[in-house]
Structures are given as structure tokens and as C-alpha cells.
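Subject: Handover of a structure

Dear colleague,

Please find the structure below, together with its sequence. My findings follow directly after it.

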Amino acid sequence: MADINRRFGFRHLRGAPTVHIRHYRRGKLAHDGVGLSFWYRPLTAVVSEVPVDDRELPLLFHARTADFQDVTVQLALTFRIEDPALAAQRIDFSVDPDTGRWRSDPLAQISGLLTENVQQYAVEVLTRTPLATALVDGVRAVRDRIRAGLAEEDTRLAQTGSAVVDVRVVAIRAEPEVEKALQTTAREKVQQEADRATFERRALAVERERAIGENELQNQIELARREEQLLAQRGANARRQAEEAAAANRIETEAQASREERLTQVKADGRRALGEAEAAGEAARLAAYRDLPEGVLTGLALKELAGNLPQIESLVLTPDLLAPLLTKLGVRS
């Protein structure tokens, strides 16, 4: 609504940036545009105020689907007046020159026109669509049909200078009883899917447990086989070590025997050589004694005997001992 002030029988109108003002004075256009501010006489002026901003139109209506089910359609339209001059000519946007209020309700006429057209296009789509399809894909189908119909087929809206900026279908819902039944069916399907997923998960868990058990069994079998191989390898290693130890002992024994044999041979050779040397010495000594007189030999024998006898502190010679010796000495001398 325009802001109108009174001064001395005149009126001053101050518009807004979103309002298009058309001022006729005595049947001629005096002012035309948005954001105008001017003085005028109320008795000779005809003023029209056409809003050019975007307007929202929410709609809620019922329709019937192809399978005779009632649905509720909730949508919203955004429209604007693109040709204010044409709109002012086709619809009464005139305001009271004293108060600035509309003499009628022009926006209600545009809203009624849009409501009729939108319902017509929506019902046209839904009457050919089953309920299940309408609930799933009906939002997009209804929106596209309304946009195409308002842009291409509806000439009355263009003749009023208006245009639809956007169409938004919020929801298409069935009757509460039908919706509850559909929810029950869907809930049962979801439950079935959940049960199937649970069974599959359990089956998968059993299968995994079986695979794990088989894997553990295979691991035990492989471990037992490797333990058998390890025992066999240890036995082979023990036999090899025993054989190597026996061979080493045999070699050591043979070497020890060889060393002892050589040592015995050396000792025997040494003893034989020593015996031969002693024999040779004794033979030489006997050879030296062979040519000596008997008395000398007797003296040497006594000397040798005296050397081997224990120490004698005193010696007593009797005539019985000296007589034979003296006899022998006298005879030989």
C-alpha cells in the first residue's frame, strides 16, 4: 500500500521500489514507474498500484489416482507481475486516492486463476497414475506438468501480465488409513529384509566359523606334518652326529693306536739299541777283562764287591780266611 499524505486539498503519494504506480490525470497518463513520489488532486486522479515483487502462493488440494485412491497434494508457487501496464488494464489495481487502499482484491484474482490451472494440471497427471507410483514419482511428474502447462499452454496468465517463477511440489500423501496400510506393508518388507539380512549374516558367520575351523584344522595338520619332518630331521641329524662322532672316535682311536704303536716301536728300538749298547759295552768290558791275570780280576771283583757292600766299620780277619788266600798268592807267585 502506497503512503499518501494530505496537504491543503492535495495528496502526496510516495511509492516503494517494489510497487509500480500508474497515475492518470483527466484520462491521461501522468506518472508511470516504480519508486515514484508526486502530488496530485484526488478528484481528478486515478491511481493504480501494481506490485512487481515475487509473491508466494501455497496450495493444498485433493485429487484421485488411477486406482481411485484419494491423495492430498501440497505445493507452492512463486509468481510475479512482469507487465504492470497490461496487468493494470486487465485487472483492477486501482487504489483509493485518499487512503491508498485497493478498491478490490486483484491478487486474489491472480491467485484464483493460478489455483485453477495448477489443480487442473495436477489432477490430469494423478488420474492416470496409480497410487504407489504417485507416492514415489508423483512429485516430479506433477511439478514438470505444472511448469510445462503454465509456460506453454496457459494464455490467460500471460494476458494478465503475470508469470510463474517457480513451482515446488512439497508432498503427495495418501489418506491416513491407506498410508497406514502402505506403511505396514513397507514395514513388513523392511522387517523381511532385516530378517533376511540377519539370516544371511548368521549364515555368513557360520560359514566363516567353518572356514576358520577348517583353517585351524589345516594349520594343525600342517603343524603335525612339520613336527614329523622336524623329528625325522632331528633323528637324521642325531644319526649323522653319531656317525660323525663314531668316525671321529675311530679316527682318534686309530691315530692313538698308531701313535702308541709308533711309541712302542720307538721304545722297543730304544731298548734294543740300549741293550745292544749294553751288550756291546759288556762284551767290550769282558774282552778287556779276558786278557787280564786272575789276580787282577780277583782284585777288580773284590773292588766291585766292596763298592756294592754296605759300609763296614770294622773287619776281623782270622787265619782261616787268610791261609787259602796266601796259599794262592804264593803258588801263583
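Arg-26 lies in the loop that links strand 3 (19-25) to strand 4 (28-34). Please bear in mind throughout that this is a predicted model. Although Arg-26 is not a glycine, its phi is positive, at about 55°. The residue counts as exposed because its relative accessible area of 67% lies over the 50% cut-off.

A positive phi also occurs at Phe-8, a residue other than glycine, with a value near 50°. Phe-8 belongs to the loop between strand 1 (3-7) and strand 2. With a relative accessibility of 82%, Phe-8 is exposed.

**A buried arginine**

Is Arg-11 buried or exposed? Its relative accessible area is 11%, which is under the 20% limit, and Arg-11 is therefore buried. Arg-11 sits in strand 2 (residues 10-14). Its side chain makes a polar contact of 2.9 Å with the side chain of Asp-98. Leaving aside residues up to four places away in sequence, Arg-11 touches Ile-4, Asn-5, Arg-6, Phe-38, Trp-39, Tyr-40, Pro-42, Pro-97 and Asp-98.

Three strands form an open sheet in the order 7-8-10, and their pairing is antiparallel. Strand 7 (55-64) and strand 10 (162-174) are the edge strands, each pairing on one side only. From one strand to the next, the twist averages 20°. Between strand 8 (residues 70-81) and strand 10, the antiparallel pairing extends over 11 bridges. Leu-77 has Val-167 of strand 10 as its bridge partner.

Helix 2 (residues 106-126) packs on this sheet and touches strand 7, strand 8 and strand 10. The direction of helix 2 makes about 40° with that of strand 7. Helix 3 packs on the sheet as well, touching strand 8 and strand 10, and its direction makes about 170° with that of strand 10.

**The bend in helix 3**

Helix 3 bends by about 75° at Asp-137. The buried residues of this helix are Leu-131, Ala-134, Gly-138, Val-142, Arg-145, Ile-146, Gly-149 and Leu-150.

Yours sincerely

Notes: Residues are numbered from 1 along each chain as its sequence is written. This is a predicted model: local features need pLDDT of at least 70, side-chain atom pairs count only at pLDDT 80 or more; totals for chains, interfaces and linings use all residues. Side-chain values use heavy atoms; hydrogens and water are left out. Helices (H or I, at least four residues) and strands (E, at least two) are DSSP runs, numbered from the N terminus. Buried means under 20% relative accessible area, exposed over 50%, partly exposed in between (1.4 Å probe, protein chains only). A polar contact is a pair of N or O atoms within 3.5 Å; within protein, one must be able to donate a hydrogen and the other to accept it, and residues adjacent in sequence count only if both atoms are side-chain atoms. Contact means heavy atoms within 4.5 Å. The bend at a residue is the angle between axes fitted to the seven residues ending there and the seven starting there. Two strands pair if DSSP finds at least two bridges between them. Axes are lines fitted to C-alpha atoms, for helices over the stretch in contact, and angles run from 0 to 180 degrees between N-to-C directions.
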